[in-house]
Amino acid sequence: MNSNPILPGFNPDPSIACTPDGYYLVTSSFEYLPGLPVYHSPDLARWELVGHVATREEQVRIAHVPTPGGVWAPTLRYRDGVFYLIVSVFLGGRGCVVFTATDPAGPWSDGTVIGAVDGIDPDLAWDDDGTAYVTFARHPDAIQQVRVDLETGQALEQPRALWPGSSLYAPEGPHLYRRGDWWYLVAAEGGTDRGHAVTVARSRRPDGPFESAPHNPILTAAGSGSAVQNTGHADLVELPDGGTAMVLLGVRPVGLAKSFSPLGRETFLAAVDWADGWPHARMPQVTGAPPEDRAYDFSNGAGLVDPQWIGVRRTPAEFSAPTSKGLLLRGEGSTMSSPRPCFLAQRQRHLGMEFKAVLDVATGAGGIAVRYAEDNWFGIEAGQDSGSVRITARAVVAGFDRTWETTVPSGDVELAIVASPPPSDFSAGGVGGDRIQLWVRPAGQGGSAGGQLLTELDGRHWAFETAKAFTGRAFGVFAVDGEVLVRRLSYRGRD
């Protein structure tokens, strides 16, 4: 059975392209590197992460962007054997950039800056004579457009207003398509919260004027009890059988009140029907992500082969290296509250998670954590302390910072974070967020023997609705000072 979301965990603003080799999809990555993950599917059901567009910091220049800046809302297109990726790198980044590649797994070009685009969420389309149109959002001026020379990045005209939207708040995320004699403009409106919606307009020309669909919005979960909320920022794709599908973002809120979404914005797939020359989208049916069990043994010199690994404003290679005894993380004095921590991470992909790490902290200090932002994270730090290992659990929310401390015998230590969804009724915890437990025990003890529960947290404080980040939860290992050896890691996910 197909799963929905098709890309679980922090994967917002999806854009998709159909090619002779199947489908490729890219999502936003904000302050994480490598950035702009590229996924491939032969059938819209099975998806594999095959690479990233931004594998070098200089491609996007996000080393000093504030949260929630960075790499926003890409558009992926395929034309004459070449992949094009246009994106805005916001709040101090490189601006609007177009990257190209003949292999979507990479390498991608250094990128060409489109200086005329002073906005977000750029789209790329071509008319019949090959002229490139960049359509983008610029608050409060709604949707704008400019013709550009993609080779040089130069504008061929002044940007001009294209469409004010259907009357909802904050038109953004435009995508322009040719279908028959019509050009269709799909947009996101209503903000990226509970009012998020997909709207559409059409014109006989790519530069307008555009008329709104009489049934706008064509998809929204606002005011509904749908298991997926915040639905919007959609991209259409034509199927080989003549049908149409839509990829879009949404969140999966938990608990009785459906108020908190721990994983952030994920990518969903929806069906699209056509009637009277207009698209009509069907609300995606949520099945949850398939179970997942991953284990990494670094004690034999293995490196970071899995492309899932990411870092905050820098690549993992800057602070990690394989050794014969484990993966070495080099601390630089930065903590998880720093803009550029030494944090080796992956996206949390399931509402239920168990993450464990076995660490050697004999010559350093570090641990495991789950991050939304510099001021929104929780974790466990371990460090040597005169014959024992000092353990500090810490929970950080803007305006709140609490710690719990203990010690365990010297030697390798196993740290664990366990997250469980709350009940969907009036039983204990049903009105809160997911339940998060932080555990520690000396390594090498089987089962739960010797395990110590450090604290239990209410996950509503680390959710899309309460964090200032536009991302989602990222879990992983970090180093603060000295050298930390990561022996083993494991991730067990269940929805």
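A salt bridge is a side-chain nitrogen of Lys or Arg within 4 Å of a carboxyl oxygen of Asp or Glu. By that criterion, the whole structure contains 36 salt bridges. The model is predicted: local features need pLDDT of at least 70 and side-chain atom pairs count only at pLDDT 80 or more, while totals for chains, interfaces and linings use all residues. Residues are numbered from 1 along each chain as its sequence is written, and side-chain values use heavy atoms, with hydrogens and water left out.

**Figure 1. The protein chain as a whole.** The chain has one helix and 35 strands; helices (H or I, at least four residues) and strands (E, at least two) are DSSP runs, numbered from the N terminus. Its radius of gyration is 23 Å, close to the 23 Å that the globule rule gives for 495 residues, so the chain is as compact as a globular protein of that length. The radius is taken over C-alpha atoms, and the rule is 2.2 Å times the number of residues to the power 0.38. Along the principal axes, the C-alpha atoms fill a box of roughly 75 × 50 × 40 Å. Of the 495 residues, 59% are buried; buried means under 20% relative accessible area, exposed over 50%, and partly exposed in between (1.4 Å probe, protein chains only).

**Figure 2. The salt bridge between Arg-473 and Asp-434.** The closest N and O atoms of this pair are 2.7 Å apart. Arg-473 lies in the loop between strand S34 (452-458) and strand S35 (474-494), and Asp-434 in the loop between strand S32 (413-420) and strand S33 (435-442), so the pair ties together parts that are 39 residues apart in sequence. Both Arg-473 and Asp-434 are buried.

**Figure 3. The salt bridge between Asp-458 and Arg-435.** The two side chains meet at 3.7 Å, N to O. Asp-458 is in strand S34 and Arg-435 in strand S33, and the pair links parts of the chain 23 residues apart. Asp-458 counts as buried at 16% relative accessibility, whereas Arg-435 is partly exposed at 28%.

Figure 4. Glu-292 forms a salt bridge with Arg-294, with the closest N and O atoms 2.4 Å apart. Glu-292 is buried at 15% relative accessibility, and Arg-294 is partly exposed at 28%. Elsewhere, a network of salt bridges links Glu-31, Arg-313, Arg-371 and Glu-374.

**Figure 5. The largest nonpolar core.** A nonpolar core is a set of buried Ala, Val, Leu, Ile, Met, Phe, Trp, Tyr and Cys residues joined through side-chain atoms within 4.5 Å. The largest has 48 residues, and those with the most contacts inside it are Leu-359, Phe-378, Ile-391, Leu-438, Val-477 and Leu-489. Strand S28 (residues 352-373) gives the most to this core, with nine residues. A second, separate core of 28 residues includes Phe-30, Ile-143, Phe-210 and Met-336.

**Figure 6. Arg-441 and Glu-414.** Arg-441 is in strand S33 and is buried, with a relative accessible area of 11%. A polar contact of 2.6 Å joins its side chain to that of Glu-414. Such a contact is a pair of N or O atoms within 3.5 Å; within protein, one must be able to donate a hydrogen and the other to accept it, and residues adjacent in sequence count only if both atoms are side-chain atoms.
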